[in-house]
Amino acid sequence: MNLSFFDQFSSPNLLGIPLILLSLLFPTLLFPSPNNRWINNRLSTIQTWLLHLITKQLMVPLNKNGHKWAMMFTSLMVMLLTINLLGLLPYTFTPTTQLSMNMALAFPLWLATLLTGLRNQPSASLAHLLPEGTPTPLIPALILIETTSLLIRPLALGVRLTANLTAGHLLIQLISTASIALMPTLPAVSILTMIILLLLTILEVAVAMIQAYVFVLLLSLYLQENI
Amino acid sequence: MAGVTGPLLNARRDAPFLPRASQRQPICLSRGSGRSARAGAVGLEWFPELRPNYQALSAFAERPFQGEPGVATKTPEGNFSEGQRGPLAERRLMDVRLGELPTWLATRDFSPRGLLGGVQKAWNSYCNKYINVKKGGAAGVSMLLAGYCILSYGWSYQHIKCNRWRKYH
(Lines give C-alpha, C1' and ligand atoms only; values in the text may rest on other atoms or scores of the structure.)
Protein backbone atom coordinates (compact mmCIF):
# COMPACT_ATOMS: atom_id res chain seq x y z
CA MET A 1 0.00 0.00 0.00
CA ASN A 2 2.99 2.28 -0.37
CA LEU A 3 2.64 3.46 -3.90
CA SER A 4 0.54 6.56 -3.82
CA PHE A 5 1.49 8.65 -6.80
CA PHE A 6 0.56 5.96 -9.26
CA ASP A 7 -2.57 5.00 -7.39
CA GLN A 8 -4.55 7.53 -9.36
CA PHE A 9 -4.12 5.35 -12.44
CA SER A 10 -5.73 2.24 -10.98
CA SER A 11 -9.48 2.34 -11.30
CA PRO A 12 -11.17 1.57 -7.99
CA ASN A 13 -14.16 -0.76 -7.75
CA LEU A 14 -17.48 -0.19 -6.09
CA LEU A 15 -19.65 -3.30 -5.79
CA GLY A 16 -17.39 -4.93 -8.35
CA ILE A 17 -17.89 -2.23 -10.98
CA PRO A 18 -14.72 -0.33 -11.88
CA LEU A 19 -14.72 3.42 -12.15
CA ILE A 20 -13.43 3.25 -15.71
CA LEU A 21 -16.86 2.09 -16.80
CA LEU A 22 -18.44 5.23 -15.43
CA SER A 23 -15.72 7.37 -17.03
CA LEU A 24 -16.34 5.79 -20.41
CA LEU A 25 -20.12 6.14 -20.27
CA PHE A 26 -20.39 9.62 -18.82
CA PRO A 27 -19.36 11.54 -21.97
CA THR A 28 -22.52 10.28 -23.68
CA LEU A 29 -24.58 12.34 -21.26
CA LEU A 30 -22.80 15.52 -22.23
CA PHE A 31 -23.77 15.30 -25.90
CA PRO A 32 -27.55 15.43 -26.26
CA SER A 33 -28.83 13.99 -29.50
CA PRO A 34 -30.06 16.73 -31.81
CA ASN A 35 -33.81 17.07 -31.98
CA ASN A 36 -35.61 18.04 -35.14
CA ARG A 37 -36.12 21.68 -34.31
CA TRP A 38 -34.78 24.35 -36.58
CA ILE A 39 -32.91 26.16 -33.82
CA ASN A 40 -31.50 23.93 -31.12
CA ASN A 41 -30.53 24.74 -27.56
CA ARG A 42 -27.22 26.48 -26.94
CA LEU A 43 -25.37 23.35 -25.91
CA SER A 44 -26.31 21.50 -29.09
CA THR A 45 -25.52 24.55 -31.20
CA ILE A 46 -22.04 24.87 -29.76
CA GLN A 47 -21.39 21.17 -30.13
CA THR A 48 -22.65 21.12 -33.70
CA TRP A 49 -20.44 24.07 -34.57
CA LEU A 50 -17.42 22.34 -33.05
CA LEU A 51 -18.26 19.11 -34.79
CA HIS A 52 -18.49 20.83 -38.17
CA LEU A 53 -15.19 22.59 -37.56
CA ILE A 54 -13.45 19.34 -36.67
CA THR A 55 -14.97 17.39 -39.54
CA LYS A 56 -14.11 20.02 -42.14
CA GLN A 57 -10.56 20.25 -40.84
CA LEU A 58 -10.05 16.50 -40.97
CA MET A 59 -11.85 15.72 -44.20
CA VAL A 60 -10.49 18.41 -46.52
CA PRO A 61 -7.24 16.59 -47.36
CA LEU A 62 -8.99 13.29 -47.96
CA ASN A 63 -10.46 12.16 -51.22
CA LYS A 64 -14.03 11.01 -51.60
CA ASN A 65 -13.35 7.45 -50.49
CA GLY A 66 -11.77 8.78 -47.35
CA HIS A 67 -14.95 10.61 -46.44
CA LYS A 68 -16.46 7.29 -45.44
CA TRP A 69 -14.23 7.52 -42.42
CA ALA A 70 -15.80 10.80 -41.32
CA MET A 71 -18.01 9.28 -38.65
CA MET A 72 -15.17 7.19 -37.28
CA PHE A 73 -12.72 10.07 -37.03
CA THR A 74 -15.20 12.57 -35.71
CA SER A 75 -16.56 10.29 -33.02
CA LEU A 76 -13.04 9.24 -32.02
CA MET A 77 -12.02 12.89 -31.79
CA VAL A 78 -15.01 13.83 -29.67
CA MET A 79 -14.53 10.86 -27.38
CA LEU A 80 -10.83 11.49 -26.82
CA LEU A 81 -11.37 15.19 -26.32
CA THR A 82 -14.10 14.65 -23.75
CA ILE A 83 -12.32 11.89 -21.88
CA ASN A 84 -9.08 13.87 -21.69
CA LEU A 85 -10.77 17.04 -20.52
CA LEU A 86 -12.99 15.28 -17.99
CA GLY A 87 -9.91 13.68 -16.49
CA LEU A 88 -8.74 17.06 -15.32
CA LEU A 89 -11.64 17.39 -12.89
CA PRO A 90 -10.93 16.35 -9.30
CA TYR A 91 -11.38 12.71 -8.29
CA THR A 92 -12.19 11.60 -11.82
CA PHE A 93 -10.56 8.75 -13.68
CA THR A 94 -9.03 9.17 -17.11
CA PRO A 95 -9.34 6.04 -19.23
CA THR A 96 -6.78 7.32 -21.74
CA THR A 97 -4.01 7.02 -19.18
CA GLN A 98 -4.28 3.28 -19.61
CA LEU A 99 -1.96 1.96 -22.30
CA SER A 100 -4.28 -0.96 -22.88
CA MET A 101 -7.10 1.33 -23.94
CA ASN A 102 -4.96 3.50 -26.18
CA MET A 103 -3.40 0.52 -27.90
CA ALA A 104 -6.88 -0.90 -28.38
CA LEU A 105 -7.80 2.31 -30.16
CA ALA A 106 -4.60 2.81 -32.11
CA PHE A 107 -3.76 -0.67 -33.33
CA PRO A 108 -7.04 -1.63 -35.07
CA LEU A 109 -7.44 1.76 -36.68
CA TRP A 110 -3.89 1.84 -37.97
CA LEU A 111 -4.25 -1.73 -39.21
CA ALA A 112 -7.46 -0.78 -40.95
CA THR A 113 -5.72 2.01 -42.85
CA LEU A 114 -2.86 -0.30 -43.77
CA LEU A 115 -5.13 -3.09 -44.99
CA THR A 116 -7.26 -0.62 -46.95
CA GLY A 117 -4.16 0.50 -48.76
CA LEU A 118 -2.80 -2.97 -49.35
CA ARG A 119 -6.14 -4.22 -50.60
CA ASN A 120 -7.14 -1.38 -52.92
CA GLN A 121 -3.82 -0.09 -54.19
CA PRO A 122 -1.04 -2.46 -53.12
CA SER A 123 1.73 -1.07 -55.32
CA ALA A 124 1.07 2.50 -54.29
CA SER A 125 1.01 1.52 -50.61
CA LEU A 126 4.24 -0.40 -50.88
CA ALA A 127 5.78 2.46 -52.85
CA HIS A 128 5.55 4.62 -49.74
CA LEU A 129 8.32 2.51 -48.29
CA LEU A 130 10.83 4.20 -50.58
CA PRO A 131 10.87 7.99 -50.76
CA GLU A 132 11.52 9.60 -54.11
CA GLY A 133 15.01 10.60 -55.05
CA THR A 134 16.79 8.09 -52.85
CA PRO A 135 20.35 7.33 -53.94
CA THR A 136 20.57 3.75 -55.21
CA PRO A 137 23.05 2.33 -52.65
CA LEU A 138 20.81 3.45 -49.84
CA ILE A 139 17.69 1.70 -51.11
CA PRO A 140 17.86 -1.55 -49.08
CA ALA A 141 18.65 0.24 -45.85
CA LEU A 142 15.95 2.79 -46.42
CA ILE A 143 13.31 0.18 -47.12
CA LEU A 144 14.14 -1.51 -43.84
CA ILE A 145 14.01 1.78 -42.01
CA GLU A 146 10.69 2.76 -43.57
CA THR A 147 9.19 -0.65 -42.80
CA THR A 148 10.26 -0.31 -39.19
CA SER A 149 8.76 3.14 -38.99
CA LEU A 150 5.56 1.83 -40.52
CA LEU A 151 5.26 -1.01 -38.05
CA ILE A 152 6.04 1.18 -35.08
CA ARG A 153 3.22 3.62 -35.85
CA PRO A 154 0.48 2.03 -33.72
CA LEU A 155 2.86 1.74 -30.80
CA ALA A 156 3.81 5.38 -31.18
CA LEU A 157 0.18 6.45 -31.40
CA GLY A 158 -0.83 4.59 -28.27
CA VAL A 159 2.19 5.41 -26.20
CA ARG A 160 2.15 9.08 -27.18
CA LEU A 161 -1.35 9.56 -25.83
CA THR A 162 -0.72 7.49 -22.71
CA ALA A 163 2.59 9.12 -21.86
CA ASN A 164 1.38 12.67 -22.34
CA LEU A 165 -1.67 12.26 -20.19
CA THR A 166 0.00 10.16 -17.52
CA ALA A 167 2.91 12.56 -17.23
CA GLY A 168 0.55 15.49 -16.95
CA HIS A 169 -1.54 13.92 -14.22
CA LEU A 170 1.58 12.89 -12.32
CA LEU A 171 3.06 16.36 -12.52
CA ILE A 172 -0.14 17.90 -11.23
CA GLN A 173 -0.23 15.49 -8.32
CA LEU A 174 3.44 16.03 -7.48
CA ILE A 175 3.30 19.79 -7.56
CA SER A 176 0.08 19.97 -5.58
CA THR A 177 1.55 17.61 -2.96
CA ALA A 178 4.63 19.83 -2.75
CA SER A 179 2.48 22.91 -2.44
CA ILE A 180 0.44 21.46 0.42
CA ALA A 181 3.52 20.08 2.17
CA LEU A 182 5.26 23.45 2.03
CA MET A 183 2.35 25.46 3.30
CA PRO A 184 2.95 25.20 7.08
CA THR A 185 6.68 25.89 6.85
CA LEU A 186 7.34 28.11 3.81
CA PRO A 187 4.07 29.75 2.72
CA ALA A 188 5.72 32.07 0.19
CA VAL A 189 7.29 29.15 -1.65
CA SER A 190 3.98 27.36 -1.41
CA ILE A 191 2.21 30.25 -3.13
CA LEU A 192 4.86 30.26 -5.85
CA THR A 193 4.30 26.54 -6.30
CA MET A 194 0.57 27.15 -6.55
CA ILE A 195 1.15 29.65 -9.35
CA ILE A 196 3.20 27.02 -11.13
CA LEU A 197 0.35 24.58 -10.54
CA LEU A 198 -2.12 26.98 -12.11
CA LEU A 199 0.05 27.38 -15.19
CA LEU A 200 0.52 23.63 -15.36
CA THR A 201 -3.22 23.06 -15.24
CA ILE A 202 -3.71 25.44 -18.14
CA LEU A 203 -1.00 23.53 -20.00
CA GLU A 204 -2.74 20.27 -19.23
CA VAL A 205 -5.99 21.52 -20.67
CA ALA A 206 -4.13 22.43 -23.84
CA VAL A 207 -2.30 19.10 -23.91
CA ALA A 208 -5.56 17.21 -23.47
CA MET A 209 -7.05 18.88 -26.54
CA ILE A 210 -3.88 18.73 -28.62
CA GLN A 211 -3.24 15.06 -27.95
CA ALA A 212 -6.74 14.11 -29.01
CA TYR A 213 -6.31 16.16 -32.18
CA VAL A 214 -2.87 14.68 -32.93
CA PHE A 215 -4.14 11.13 -32.52
CA VAL A 216 -6.92 11.60 -35.03
CA LEU A 217 -4.82 13.75 -37.36
CA LEU A 218 -2.13 11.10 -37.61
CA LEU A 219 -4.71 8.45 -38.33
CA SER A 220 -6.16 10.61 -41.09
CA LEU A 221 -2.66 11.08 -42.50
CA TYR A 222 -2.09 7.33 -42.50
CA LEU A 223 -5.42 6.97 -44.24
CA GLN A 224 -4.48 9.61 -46.79
CA GLU A 225 -1.46 7.60 -47.81
CA ASN A 226 -3.45 4.44 -48.26
CA ILE A 227 -6.80 5.35 -49.71
CA MET B 1 -32.41 6.45 -67.95
CA ALA B 2 -28.70 5.72 -68.10
CA GLY B 3 -26.20 8.42 -67.48
CA VAL B 4 -28.54 11.33 -66.88
CA THR B 5 -26.78 13.79 -64.64
CA GLY B 6 -28.81 16.69 -63.34
CA PRO B 7 -27.10 19.95 -62.53
CA LEU B 8 -25.60 20.27 -59.09
CA LEU B 9 -28.18 22.50 -57.51
CA ASN B 10 -27.15 21.96 -53.96
CA ALA B 11 -23.75 20.69 -52.86
CA ARG B 12 -25.29 19.17 -49.74
CA ARG B 13 -27.00 16.51 -51.76
CA ASP B 14 -23.68 14.90 -52.52
CA ALA B 15 -23.86 12.50 -49.60
CA PRO B 16 -23.44 8.91 -50.77
CA PHE B 17 -23.86 7.41 -47.34
CA LEU B 18 -27.43 8.57 -46.71
CA PRO B 19 -30.08 5.89 -47.18
CA ARG B 20 -31.98 6.40 -50.40
CA ALA B 21 -35.17 4.88 -51.66
CA SER B 22 -33.56 3.58 -54.87
CA GLN B 23 -30.41 1.93 -53.61
CA ARG B 24 -29.36 0.54 -56.96
CA GLN B 25 -29.34 3.83 -58.81
CA PRO B 26 -26.22 5.95 -58.55
CA ILE B 27 -26.58 9.33 -56.94
CA CYS B 28 -26.65 11.36 -60.12
CA LEU B 29 -29.51 9.35 -61.56
CA SER B 30 -31.77 9.71 -58.56
CA ARG B 31 -31.01 13.37 -58.49
CA GLY B 32 -31.94 13.74 -62.12
CA SER B 33 -34.91 11.46 -62.48
CA GLY B 34 -36.41 11.09 -59.04
CA ARG B 35 -36.74 14.74 -58.23
CA SER B 36 -40.13 15.29 -59.71
CA ALA B 37 -41.66 12.29 -57.97
CA ARG B 38 -40.26 13.10 -54.58
CA ALA B 39 -40.17 16.86 -54.78
CA GLY B 40 -42.47 17.14 -51.81
CA ALA B 41 -40.24 14.93 -49.66
CA VAL B 42 -36.90 16.38 -50.72
CA GLY B 43 -36.28 18.32 -47.52
CA LEU B 44 -36.75 15.24 -45.36
CA GLU B 45 -33.44 13.77 -46.46
CA TRP B 46 -31.57 15.55 -43.76
CA PHE B 47 -33.93 14.72 -40.93
CA PRO B 48 -33.69 10.99 -40.31
CA GLU B 49 -36.05 11.24 -37.36
CA LEU B 50 -38.90 11.95 -39.75
CA ARG B 51 -38.37 8.85 -41.80
CA PRO B 52 -40.88 6.13 -40.91
CA ASN B 53 -38.46 3.30 -40.17
CA TYR B 54 -35.77 5.22 -38.28
CA GLN B 55 -34.47 3.36 -35.26
CA ALA B 56 -32.82 5.72 -32.85
CA LEU B 57 -30.78 4.81 -29.80
CA SER B 58 -33.21 5.44 -27.02
CA ALA B 59 -31.36 4.70 -23.81
CA PHE B 60 -30.91 8.37 -22.98
CA ALA B 61 -32.82 9.94 -25.82
CA GLU B 62 -34.77 13.06 -25.21
CA ARG B 63 -38.44 13.02 -25.93
CA PRO B 64 -39.10 14.18 -29.52
CA PHE B 65 -40.75 17.49 -30.03
CA GLN B 66 -44.44 16.79 -29.63
CA GLY B 67 -46.04 20.19 -29.48
CA GLU B 68 -46.74 22.90 -32.01
CA PRO B 69 -44.60 26.00 -32.11
CA GLY B 70 -46.32 28.92 -30.57
CA VAL B 71 -48.56 26.93 -28.28
CA ALA B 72 -47.25 27.21 -24.73
CA THR B 73 -47.83 24.05 -22.72
CA LYS B 74 -49.74 24.93 -19.62
CA THR B 75 -48.19 23.57 -16.50
CA PRO B 76 -50.61 23.38 -13.60
CA GLU B 77 -50.11 26.46 -11.50
CA GLY B 78 -52.07 27.52 -8.53
CA ASN B 79 -51.78 27.33 -4.84
CA PHE B 80 -50.13 24.71 -2.78
CA SER B 81 -52.86 22.14 -2.56
CA GLU B 82 -53.80 22.03 -6.22
CA GLY B 83 -51.07 19.64 -7.28
CA GLN B 84 -52.02 17.19 -4.62
CA ARG B 85 -55.43 16.28 -5.84
CA GLY B 86 -55.95 13.05 -7.60
CA PRO B 87 -55.07 9.54 -6.63
CA LEU B 88 -51.67 8.94 -5.10
CA ALA B 89 -50.47 6.63 -7.84
CA GLU B 90 -50.79 9.28 -10.51
CA ARG B 91 -49.00 12.12 -8.81
CA ARG B 92 -45.46 13.18 -9.56
CA LEU B 93 -42.75 13.05 -6.93
CA MET B 94 -42.81 16.75 -6.21
CA ASP B 95 -46.55 16.68 -5.50
CA VAL B 96 -46.34 13.96 -2.88
CA ARG B 97 -46.21 14.98 0.77
CA LEU B 98 -43.47 13.59 2.97
CA GLY B 99 -45.81 11.46 5.05
CA GLU B 100 -47.23 9.84 1.94
CA LEU B 101 -43.82 8.96 0.53
CA PRO B 102 -43.68 5.25 1.51
CA THR B 103 -47.17 4.69 0.17
CA TRP B 104 -46.28 6.48 -3.04
CA LEU B 105 -43.11 4.41 -3.44
CA ALA B 106 -45.19 1.25 -3.08
CA THR B 107 -47.30 2.27 -6.06
CA ARG B 108 -44.27 2.76 -8.32
CA ASP B 109 -43.27 0.24 -10.94
CA PHE B 110 -39.94 -1.33 -10.04
CA SER B 111 -39.62 -3.71 -12.96
CA PRO B 112 -36.58 -3.11 -15.23
CA ARG B 113 -38.79 -1.41 -17.80
CA GLY B 114 -40.41 0.73 -15.14
CA LEU B 115 -37.05 1.75 -13.73
CA LEU B 116 -35.75 2.57 -17.18
CA GLY B 117 -38.85 4.61 -17.84
CA GLY B 118 -38.34 6.47 -14.59
CA VAL B 119 -34.70 7.19 -15.44
CA GLN B 120 -35.65 8.42 -18.90
CA LYS B 121 -38.34 10.67 -17.48
CA ALA B 122 -35.95 12.10 -14.93
CA TRP B 123 -33.30 12.72 -17.57
CA ASN B 124 -35.81 14.34 -19.90
CA SER B 125 -37.10 16.63 -17.17
CA TYR B 126 -33.54 17.64 -16.31
CA CYS B 127 -32.75 18.39 -19.96
CA ASN B 128 -35.97 20.29 -20.51
CA LYS B 129 -35.46 22.37 -17.42
CA TYR B 130 -31.79 23.29 -17.80
CA ILE B 131 -30.58 22.53 -21.31
CA ASN B 132 -33.46 22.81 -23.77
CA VAL B 133 -34.17 26.42 -22.86
CA LYS B 134 -33.88 29.54 -24.92
CA LYS B 135 -31.02 31.06 -22.96
CA GLY B 136 -29.29 28.14 -21.34
CA GLY B 137 -26.17 28.93 -19.42
CA ALA B 138 -23.24 27.05 -17.98
CA ALA B 139 -25.35 25.83 -15.08
CA GLY B 140 -26.86 22.88 -16.92
CA VAL B 141 -23.57 21.28 -17.86
CA SER B 142 -21.80 22.38 -14.67
CA MET B 143 -24.29 20.51 -12.52
CA LEU B 144 -23.66 17.38 -14.55
CA LEU B 145 -19.91 17.77 -14.14
CA ALA B 146 -20.20 18.43 -10.43
CA GLY B 147 -22.40 15.37 -10.04
CA TYR B 148 -19.82 13.37 -11.98
CA CYS B 149 -17.01 14.54 -9.65
CA ILE B 150 -19.03 13.69 -6.57
CA LEU B 151 -19.98 10.29 -7.97
CA SER B 152 -16.33 9.54 -8.78
CA TYR B 153 -15.35 10.54 -5.26
CA GLY B 154 -17.96 8.26 -3.78
CA TRP B 155 -16.88 5.46 -6.08
CA SER B 156 -13.25 5.65 -4.97
CA TYR B 157 -13.90 6.54 -1.32
CA GLN B 158 -12.83 3.19 0.09
CA HIS B 159 -9.54 3.54 -1.72
CA ILE B 160 -8.94 7.20 -0.93
CA LYS B 161 -9.67 6.92 2.79
CA CYS B 162 -6.38 5.09 3.29
CA ASN B 163 -4.61 8.34 2.38
CA ARG B 164 -5.84 9.98 5.55
CA TRP B 165 -3.45 8.12 7.81
CA ARG B 166 -0.53 7.90 5.42
CA LYS B 167 2.59 9.51 6.81
CA TYR B 168 4.41 10.05 3.53
CA HIS B 169 2.42 10.62 0.39
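I began with a cysteine, B:C149. This is a predicted model, and in it B:C149 is buried, with a relative accessible area of 13%. I then looked for a sulfur partner. B:C149 is in no disulfide. Its nearest cysteine sulfur belongs to B:C127, 19 Å away.

I turned to B:C127 next. B:C127 is buried too, at a relative accessible area of 1%. B:C127 is likewise in no disulfide, and the sulfur nearest to it is that of B:C149. A disulfide needs the two sulfurs within 2.5 Å. The count over all chains comes to 0 disulfides.

Next entry: charged pairs. How many salt bridges does the structure hold over all chains? I found 1. The partners are A:R153 and A:E225, with their closest N and O atoms 3.4 Å apart. A:R153 lies in helix α7 (residues 153-182) and A:E225 in helix α8 (residues 187-226), both of chain A, so the pair ties together parts 72 residues apart in sequence.

Are the two partners buried or exposed? I noted A:R153 as buried, at 17% relative accessible area. A:E225 counts as partly exposed, at 27%.

Last entry: the record for chain A. An unreviewed UniProt entry places "transmembrane region" at residues 12-31, 69-89, 101-118, 138-159, 171-199 and 205-223. I checked two of these spans against the model. Residues 101-118 of chain A are 100% helix and 0% strand, with end C-alpha atoms 26 Å apart. Residues 12-31 of chain A are 35% helix and 20% strand. The end C-alpha atoms of residues 12-31 lie 26 Å apart.

Definitions and conventions:
Residues are numbered from 1 along each chain as its sequence is written. Chains are lettered from A and ligands numbered from 1 in the order in which they are written. This is a predicted model: local features need pLDDT of at least 70, side-chain atom pairs count only at pLDDT 80 or more; totals for chains, interfaces and linings use all residues. Side-chain values use heavy atoms; hydrogens and water are left out. A salt bridge is a side-chain nitrogen of Lys or Arg within 4 Å of a carboxyl oxygen of Asp or Glu. Helices (H or I, at least four residues) and strands (E, at least two) are DSSP runs, numbered from the N terminus. Buried means under 20% relative accessible area, exposed over 50%, partly exposed in between (1.4 Å probe, protein chains only). UniProt positions are given in the numbering used here, feature names are shortened, and annotations may be inferred rather than shown by experiment.
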